[in-house]
Amino acid sequence: MSTASNVQHLEVVAEIGTAAAYSAAKLLPATPAPNLYYRRELLCRSLEGRRIDLITITGTNGLPEAEPEAPLPAPLLPEASSRDGHARPHAFPNKPVVLVSARVHPGETPASHVLDGLLAFLVRTDDPRAAALRERFVFKLIPMLNPDGVFRGHYRTDTRGVNLNRVYLEASAAEHPSIHACCAVVQQLHERGALHLFVDCHAHAGKRGCFLYGNLGNSFDELTRAGLFAKLVSLNTLWLDFAACQWFDSQRMEGSARAAVYKHTGLPTVYTLECNYDSGISMNELPKKYTGELLESAEMSSCPMSPEAPRNTSVSHKYDEACYQEIGKALALAVLDMAAANPASRLGPRDSWEDTSEETVRYYYKGLAKTRGAIRQWAEMQLTSAAKRRANTRPRSQSRKGNGGGDEEEDPEDLEPDIDADDEGE
Ligand SMILES: [Zn+2]
């Protein structure tokens, strides 16, 4: 990448639409590595004409044989046909795609800090973990789904007072352009078998801590896969509370991104990320840092791993921007750990691995296998308690039908006592 394109790159990141995006821009290296592939597209315009961007980040490996991504149906990508030489990003057929969106609820600023932390990590050229991510995955980011709501100072809604995280099953280009566009991206990636993981970033005032909402799915294996990713995120940051993550029947809040993307794709790894604005209840006790040869090498010395947890993990902690950014980075590291491809994982010291001959085997042994085993037990308990909950709550839910009011059909007290879904839910 030339100096000119680096400048353009900096401008692009800084223009994303949040003040915090500048922190990501500052982290960009002065001399980008030649293997960084970065594209920004105008996906569509909001109701009031503001940009909805789609950013693609990956490595340049596989580029020579890659074809451009297919067009999206009009009126999406309004600049794609009008500008000479403008083509869609390359599709990288051998790389799974991780899609991350934020700010469908415009007041939820921590979501942007999470996205910035993810973005800053993905473009790092001095960290072998970031390079490994770009080599194996494509990341597609929609950093700002509701810029009009942000401009107007709304907390949960768009210009017309619509909560856009309820329209994912019926989004129209005319009324909900950004959601319609997001669904089209999901559809395209799903059709070519590329969608690997989806996270929609939110913030939360009703319950302390940072956690994921996921889908219970249709099988033990689906829930195991969904839970494993959440667990791996919590092993890579002090701040994601695995025990606070919640797992829902996919029928709950069908119009939300989490439920709708699962319904469309059947992908187990579809999440809402919720970050409390203020503080958590506890911090994670992180596994010991990997102390193998890579970490001690000059290559890794400039990029310290996440900090060790303080001894006392029961004290509350006030969140700041860095906490949210660290969660964004942990999302990326969990993707890498789940693929058994993290060159400096927390899952287990390399010295104790039984077979170092094959990269994949290294990670599945000990660390990942142990985590996977624990998650299988966890999934059994989740499914048992979900079945009990359904049996206990169905009569009350049915008796309340027709009460009206709010986004939720079910009374949140019936299913999730900690969540006031009308006010603070996903
Ligand atoms: Zn939200």
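Biologist: Which residues of α4 meet which residues of α11?

Modeller: On the α4 side they are Arg129, Ala132 and Leu133, and they meet Ala332, Leu333, Val335 and Leu336 in α11. By class, this contact has six nonpolar, no polar and one charged residues. Ala, Val, Leu, Ile, Met, Phe, Trp, Tyr, Cys and Pro count as nonpolar, Asp, Glu, Lys and Arg as charged, and the others, Gly among them, as polar. Two residues are in contact if their C-beta atoms, placed from the backbone, lie within 7 Å. A word on the source: this is a predicted model, where local features need pLDDT of at least 70 and side-chain atom pairs count only at pLDDT 80 or more, while totals for chains, interfaces and linings use all residues. Residues are numbered from 1 along each chain as its sequence is written.

Biologist: Why is α4 called roughly perpendicular to α11?

Modeller: Helix α4 (residues 128-136) packs on α11 at an angle of about 65°, with the axes 10 Å apart. That angle makes the pair roughly perpendicular. The scale is simple: under 35 degrees is roughly parallel, over 145 roughly antiparallel, 65 to 115 roughly perpendicular, and the rest oblique. Axes are lines fitted to C-alpha atoms, for helices over the stretch in contact, and angles run from 0 to 180 degrees between N-to-C directions.

Biologist: Why are α3 and α11 called oblique?

Modeller: Helix α3 (residues 110-122) and helix α11 (residues 321-338) pack at about 55°, their axes 7 Å apart. The two are therefore oblique to each other. Their contact divides into 11 nonpolar, four polar and four charged residues. Among those that meet are Val114, Leu118 and Leu122 in α3 and Tyr324, Ile327 and Leu331 in α11.

Biologist: Why are α6 and α8 roughly parallel?

Modeller: Their axes come within 10 Å and cross at roughly 30°. The pair is therefore roughly parallel. Here the contact has two nonpolar, four polar and no charged residues. Val186, Gln187 and His190 in α6 meet Val261, His264 and Thr265 in α8.

Biologist: How do you know that Arg124 is buried?

Modeller: A residue is buried if 20 or more other C-beta atoms lie within 10 Å of its own, exposed if 12 or fewer, and partly exposed in between. Arg124 has 22 such neighbours, so it counts as buried. Arg124 is in the loop between α3 and α4. Its C-alpha atom is 8.9 Å from that of Leu36, 88 residues away along the chain.

Biologist: What makes Arg103 and Met253 buried, and where are they?

Modeller: Arg103 has 27 C-beta neighbours inside 10 Å and so is buried; Arg103 is in the loop between β3 and α3. Met253, with 24, counts as buried too, and Met253 is in the loop between β7 (246-248) and α8. Neither is a glycine, yet phi is positive: near 60° for Arg103 and about 50° for Met253.

Biologist: What covers the buried residues of α8?

Modeller: The cover includes β3 (97-102), α6 (177-191), β5 (195-204), β6 (210-215) and β8 (270-276). The buried residues of α8 (residues 257-265) are Ala257, Arg258, Ala259, Ala260, Val261 and Tyr262.

Biologist: What makes a set of residues a nonpolar core, and how many residues has the largest?

Modeller: Such a core is a set of buried Ala, Val, Leu, Ile, Met, Phe, Trp, Tyr and Cys residues joined through C-beta atoms within 7 Å. The largest has 98 residues, and those with the most contacts inside it are Val114, Leu122, Ile327 and Val335. α11 gives the most to this core, with 11 residues. Leaving aside neighbours within four places in sequence, Val335 is in contact with Val98, Leu133, Phe137 and Leu197.

Definitions and conventions. Helices (H or I, at least four residues) and strands (E, at least two) are DSSP runs, numbered from the N terminus.
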